[in-house]
Amino acid sequence: KTQTMRGSPFIEPIRSECEDWERKLKYAQSLLEEWIACQRTWMYLEPIFSSDDIMRQLPTEAKRYQGVDALWKKAMTDCVAEPNFMIQADPEKHLEEKFKAANKKLDVIQKGLADYLEMKRLYFPRFFFLS
């Protein structure tokens with residue numbers, strides 16, 4: 001809607017305010033995309049890394065996961081304390097960058113987990129039936 005408003009001949013008195021809102025909304029959209037991607041992967045990995053056995057067998061991935069888990073839990077705690085998303089989406093909080101870094105870590109964690117499972121499948125062929 002802000003782009004439509006900017007095309008109006010009556011926008012001049014509020015042009016800067018409209019452009020600020022457009023910038024904020026674009027940042028919020030980008031943040032939300034990163035946030036949802038992180039949530040999807042975090043939800044997949046959370047029950048896996050809740051196991052002490054996996055934590056012992058994959059210490060590097062477990063440490064990375066704990067960092068992402070801490071970020072996720074802090075973000076959720078902040079959302080409970082202040083449910084207004086536009087306050088959470090303040091560019092000065094650098095949440096988008098933090099979630100981008102977390103998503104990269106989660107990709108590395110998933111690759112490490114896949115390599116671990118592949119190694120186990122070589123030793124135990126019956127694991128090929130598990131996804």
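In the predicted model, Arg23 counts as exposed at 53% relative accessibility, where exposed denotes over 50% relative accessible area, buried under 20% and partly exposed the range in between, computed with a 1.4 Å probe on protein chains only. The side chain of Arg23 meets that of Asp20 in a salt bridge (2.4 Å, N to O), a salt bridge being a side-chain nitrogen of Lys or Arg within 4 Å of a carboxyl oxygen of Asp or Glu. Asp20 is partly exposed, with a relative accessible area of 34%, and both residues lie in helix H2, three residues apart, or about one turn of the helix; helices are DSSP runs of H or I of at least four residues, numbered from the N terminus.

Helix H2 also holds Lys26 and Glu22, four residues apart, whose side chains form a salt bridge at 3.7 Å, N to O. Glu22 counts as buried, at 6% relative accessibility. A further salt bridge joins Glu12 and Arg15 (2.8 Å, N to O); Glu12 is exposed at 52%, whereas Arg15 is partly exposed at 27%. The structure holds eight salt bridges.

Helix H4 spans residues 59-81, and its buried residues include Tyr65, Leu71 and Trp72. Among the elements covering these buried residues, through contacts of heavy atoms within 4.5 Å, are helices H2 (15-49), H3 (52-57) and H6 (95-123).

Residues are numbered from 1 along each chain as its sequence is written, and side-chain values use heavy atoms, with hydrogens and water left out. Because the model is predicted, local features need pLDDT of at least 70 and side-chain atom pairs count only at pLDDT 80 or more, while totals for chains, interfaces and linings use all residues.

Terms used:
Helices (H or I, at least four residues) and strands (E, at least two) are DSSP runs, numbered from the N terminus. The expected span of a helix is 1.5 Å times one less than its number of residues.
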